[in-house]
Structures are given as structure tokens and as C-alpha cells.
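Let's take a friendly walk through a protein model. Have the sequence and the 3D view ready as you read.

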Amino acid sequence: MLKIYNTLTGKKEIFKPIVEGKVGMYVCGNTVYDFCHIGHARAMISFDVISRFIRHLGYDLTYIRNITDVDDKIIKRAEENNESTQALTERMIAAQREDELALGNKMPDREPKATEFMQEIIDMVSILVEKGFAYQGASGDVYYRAAKFKDYGKLNNRKLEDMLAGARIEVEAAKEHPADFVLWKPAKEGEVAWDSPWGKGRPGWHIECSAMSTSCLGSHFDIHGGGPDLKFPHHENEIAQSEAATGKDYVNYWMHCGAVRVNNEKMSKSLGNFFTVRDVLAKFNPEVIRYLMVSSQYRSPIDYSDQSLQEAKVALERLYTALRQQSVADSYEPTEFTERFENAMKDDFNTAVAVSVLFELVRELNKAKTESPAMAPKLAAELRVLADLLGLLGQEPEYFLQNSTISEGLSETAIQVLIDERAQARKDKNFARSDEIRDELARQGIELLDSREGTTWTRH
């Protein structure tokens with residue numbers, strides 16, 4: 001049975017969908033004012049793997065991930081760039097999709113944009129005002145009355161007063177209580193705005209997800225996910241808004257992936273350790289980044305560094321080397337490795353253990369190549385299928401091994417010319433020149449591997 005760690009209860013629980021055989025999952029996406037960074041990549045990859053495995057178990061999954069395309073940061077960045085907010089967000093959405101496809105993710109079933117759900121947002125705010133859970137302050141902002149929702153704080157297992165201590169809470173004269181948060185804000189002159197019962201304005205951040213998730217999946221759905229920084233206040237506020245508006249439980253299982261730290265420090269532009277996905281893709285094959293992310297269980301923090309990426313590259317090369325020049329069967333009978341892999345994934349998507357099973361399968365495959373050659377193609381097929389559930393081993397082995405890092409050194413054509421020259425030198429028994437070429441390629445980070453079938457190479 002599938003078990004999921006539920007942030008709401010603080011423990012692993014057997015997963016029971018609301019509707020048998022069907023799963024609704026909503027994940028908080030990005031505010032699209034800049035390129036995706038490696039923290040975004042962690043969340044994207046984590047929930048891509050989760051969605052793959054849920055479907056593998058036979059569930060009919062509807063995976064929704066929103067896009068916040070109206071926000072103070074977006075307006076500010078658009079002004080700095082001297083472009084419209086729409087031009088900025090469309091450009092960043094396109095860039096996000098490019099990054100995500102490069103990382104091997106499958107796209108969610110639907111990516112609703114906040115600007116496409118403005119009426120639903122206004123309707124939800126109106127309901128909250130009618131029920132007395134929201135009010136318009138003297139500033140024109142519409143606020144949510146946090147203290148009126150008796151279960152406020154249940155996601156973080158803390159009382160309202162305790163949550164305020166040390167938290168960044170904007171104290172405004174227009175608020176009735178320091179914890180009250182904005183549902184609708186009046187627009188400044190020239191800013192993007194929508195008509196509403198409270199004047200021209202735009203939504204607060206938290207209400208967007210409540211409106212989009214319930215519109216796409218219903219008032220009560222199975223799974224809500226996001227990054228570790230969203231537990232408070234964003235997800236706490238989502239619960240308060242949604243349950244007050246609908247009168248129903250909002251979500252059954254809350255899931256939060258772990259943070260990404262850089263050399264054991266929090267990633268931040270001020271510290272100069274901020275990396276976009278594109279920064280890293282300029283140096284490494286995208287599957288190396290993906291391997292780093294799935295080699296730890298999704299709730300575990302990840303330390304990002306050049307060393308951790310190098311270690312991920314070496315580990316992934318071991319998996320690909322096992323498939324190099326190895327035929328892959330069209331079908332196979334699952335072995336104990338499939339059972340152990342699936343058991344690891346059923347235990348709150350424990351990809352760390354699942355990856356270790358892949359390496360055990362590789363050892364069995366390498367042994368079979370010499371001891372049971374007829375079994376090798378079937379084991380190779382099993383390896384491919386299991387790895388695909390993590391989004392790994394999707395490239396041709398030869399290609400990956402020659403492109404695990406992005407090099408500005410010798411081109412593939414230049415490398416092949418030297419390999420051909422070396423082959424001719426060996427044929428002519430000019431072993432001095434043969435060794436000279438091997439050493440020259442080694443200095444360029446190219447390792448040659450000779451076999452009866454010929455010479456292949458790997459870039460290091």
C-alpha cells in the first residue's frame with residue numbers, strides 16, 4: 001500500500017483517495033518574473049516523480065500546477081525591463097517550459113494562470129466577505145480575518161499567537177489583527193487591474209491558489225504539494241480561505257519537498273550562491289541534475305555544490321555504462337528488483353532506496369553478461385523501465401557518456417578523427433603514435449575504451 005507523509009498530521013499515512021481509483025493533485029507553481037533556479041527544479045522534479053509513480057500504481061491522476069502571472073514582483077520587474085507584465089510572464093513561462101523539458105519532466109495535466117481565474121477569485125473573496133471572514137480596510141485592501149478561523153495554524157501545528165512570534169508580518173493600521181492577510185488589493189495608477197466590488201485591483205497571492213485549485217479539482221481533493229517555504233504563511237492561509245469559503249475540508253494529504261542548500265548555506269542572491277537551472281545546464285547534462293535531485297528522498301534537504309554534481313555524474317555514468325552496447329529486450333518478467341523498487345517508492349516515494357535498487361540491478365546485469373547472456377537483455381529492459389519511473393536513463397548510453405558534462409573542448413568530430421588516426425596507427429604497429437593520441441585525448445578529458453567491437457569514448 002502507498003504511504004505518504006502528511007504534513008498536516010506529521011506522520012506517514014496509508015493513502016486512500018476520495019474517489020476510488022482517481023487522484024487529484026495540486027502543486028503550487030512559480031511566480032514567473034525570472035528564470036527558474038535549482039530550488040524550483042527540486043520541486044518540479046519531485047512532483048514529476050510522484051505523479052509518475054501514482055500513475056504507475058494504476059490511479060487516474062489529474063495533476064494541476066498553477067502559474068502566478070500577476071504579482072508585485074512581476075509588476076516591478078516589468079517596469080525595470082520597460083515591458084508589459086504580459087510580455088514578461090509569457091517570456092518566463094516559455095523559459096520555464098524549456099528548462100523543465102530539458103530536465104526530463106512530463107508536463108502537468110493543466111497549468112492554470114491566475115489571470116485566467118479572476119472571476120473565480122473575486123467570487124471566493126465575495127463569499128468570504130459575506131460570511132464575515134473578510135473585510136475591506138480603510139486602505140481599500142480586502143483582508144482575511146485570520147483569528148475568526150478557529151483551526152488557523154493546524155498545518156504548522158501551532159497557535160496563531162505563536163506563529164506571529166518572529167514571523168515577517170506586515171503590520172498595517174488598516175488591519176484588525178496583525179495576522180490578517182490581503183485577499184484583494186487596490187491597483188496603483190497604470191498597473192494591471194480588474195474590476196471588482198471593492199474597486200479596480202488585483203488579488204493577493206494566497207487567494208489565487210485557493211480559487212484555482214478548487215475550480216480545477218473541486219472543494220475537497222486528495223493531495224496538495226509545494227516547496228518547504230510555502231507551509232507558512234501560504235498554505236496555512238490557503239486552508240483558512242478555502243475551508244471558510246466552502247465549509248468543507250480542503251485537502252487530505254499535504255506534501256512538502258526539502259530545501260536546496262548551496263555548499264551548506266541557504267541559496268540567496270545576496271550571498272552570490274544563486275544558480276538558475278540554465279546556469280547548471282551550461283555545465284552538465286540535464287540528467288545529472290535530475291539524478292542529484294532524485295538520489296535523496298523528496299522530503300530530505302539537498303546540498304548543491306560542484307562536488308555533489310560531479311558525484312551525481314559519476315554515479316549516473318555507472319548506470320549508463322551497464323547499458324552500453326547492451327541489447328534491451330522488448331519484454332521481461334519482473335524480478336525481485338521490481339518488487340523492492342516499488343516497495344521503496346510506496347514508502348513515501350523513497351527515491352534514495354529506489355536508486356540503490358537500480359545499482360543492485362546493474363551489478364546483476366553486469367554479472368549476467370558473462371554468466372547468463374540470455375538474461376542480460378531482460379535485466380537491461382527491467383533497468384530501463386524502473387529508471388524511467390524516476391525520469392532516468394532516457395538517453396542513448398553512448399550519447400550520455402560522451403555528453404555528461406558540457407565541454408568547450410574538442411568537438412565530437414575532432415575526437416572521432418583522432419580515434420580513427422589512432423586505429424590506423426595501431427594497425428600500422430605505430431604504438432608510439434597510438435599512445436600519444438590516447439594521452440592527448442586524456443588531457444582533453446576524453447577517456448577511450450577499447451573492445452572487440454571498436455573504440456568508444458567518454459568525456460570527463
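Lining the second largest pocket are Thr-321, Arg-324, Gln-325, Gln-326, Lys-369, Thr-370, Leu-449, Asp-450, Ser-451 and Thr-456. A pocket here is an open set of points on a 1 Å grid over the protein atoms alone, where a 1.4 Å probe fits, with protein on both sides within 12 Å along at least five of seven lines; lining residues have an atom within 4 Å of a point. Its volume, the space filled by probe spheres set on the points, is about 260 Å³. The largest share of this lining, three residues, comes from β14.

This is a predicted model, in which local features need pLDDT of at least 70, side-chain atom pairs count only at pLDDT 80 or more, and totals for chains, interfaces and linings use all residues. Residues are numbered from 1 along each chain, and side-chain values use heavy atoms, without hydrogens and water.

Now for the nonpolar cores: sets of buried (under 20% relative accessible area, 1.4 Å probe, protein chains only) Ala, Val, Leu, Ile, Met, Phe, Trp, Tyr and Cys residues joined through side-chain atoms within 4.5 Å. The largest has 74 residues, and Ile-223, Tyr-291, Phe-341, Phe-349 and Leu-393 have the most contacts inside it. Helix α1 gives this core its largest share, ten residues. Another core, of 41 residues, lies apart from it and includes Phe-181 and Ile-207.

Definitions and conventions: Buried means under 20% relative accessible area, exposed over 50%, partly exposed in between (1.4 Å probe, protein chains only). Helices (H or I, at least four residues) and strands (E, at least two) are DSSP runs, numbered from the N terminus.
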